[in-house]
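Dear colleague,

I am handing over the structure below, together with some notes on what was found in it. Please read them alongside the model.

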Amino acid sequence: KIDGVRAVVPRINFGAYIEHSYKVADEKKLRAANMCVHKAPKATTQKQVSRQGPSMGVGISAKAENKLRDLNKKVILGRMINKKPKEILLGRLLAKRLHACIGSKITLLGGTVFGEFSARTLKVVGILNQGPAIFDKMFYVSLAMGQYFLDIPNQASKILLFGKTYE
């Protein structure tokens with residue numbers, strides 16, 4: 001225990017190529033059920049669509065982030081991730097760019113710290129709006145998923161310290 005520190009929270013920051021392939025008919029149903037933040041795309045004759053691009057991600061302890069930063073209060077659709085490793089929380093602008101909705105399957109592609117290929121398909125359980133665009137272009141996974149994706153068990157790339165007087 002350190003005097004003046006009320007919490008120590010590990011995180012993993014990493015980049016990944018993020019991809020969302022979907023059937024146009026399925027996306028239309030999710031939009032009708034208000035499970036998406038994007039508007040209807042232009043009419044297309046394609047039955048299957050894929051949207052992808054680079055993005056930044058953060059492996060977090062959802063329980064600690066909710067307690068210390070109220071991250072769960074910024075979820076505008078769906079719910080906050082939990083300890084389940086196959087869940088992902090998307091920033092509002094990233095969800096719009098990918099045309100991802102609650103229930104969509106997202107594939108992360110990247111590399112481990114050892115230079116090996118890493119890929120994982122996750123289910124979107126929530127979309128959040130943090131305000132600044134830079135944060136709304138990111139995605140969040142459990143700390144365990146971040147460790148698995150980068151092949152760094154029981155490690156973190158960043159440690160946040162929360163003081164008693166500074167928030």
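A disulfide is taken here as a pair of cysteine sulfur atoms within 2.5 Å. This is a predicted model, in which local features need pLDDT of at least 70 and side-chain atom pairs count only at pLDDT 80 or more, while totals for chains, interfaces and linings use all residues. Residues are numbered from 1 along each chain as its sequence is written, and side-chain values use heavy atoms, with hydrogens and water left out.

The structure holds one disulfide, which joins Cys-36 to Cys-101 with an S to S distance of 1.9 Å. The torsion about the S-S bond of Cys-36 and Cys-101 is about 95°, so the disulfide is right-handed. Because Cys-36 lies in the loop between helix H1 (24–32) and E2, and Cys-101 in the loop between helix H3 (92–98) and strand E5 (105–111), the pair ties together parts that are 65 residues apart in sequence; helices (H or I, at least four residues) and strands (E, at least two) are DSSP runs, numbered from the N terminus. Cys-36 counts as buried at 13% relative accessibility, and Cys-101 counts as buried at 1%, where buried means under 20% relative accessible area with a 1.4 Å probe and protein chains only.

Turning to the strands, two of them pair if DSSP finds at least two bridges between them. Strand E2 (residues 48–60) pairs with strand E7 (residues 139–142) in the parallel sense over four bridges, and Ile-60 has Ser-142 in E7 as its bridge partner. Strand E4 (residues 87–91) also pairs with E7, in the antiparallel sense over two bridges, and here Tyr-140 in E7 is the bridge partner of Leu-89.

Terms used:
Buried < 20%, exposed > 50% of the residue type's maximum accessible area, 1.4 Å probe, protein only.
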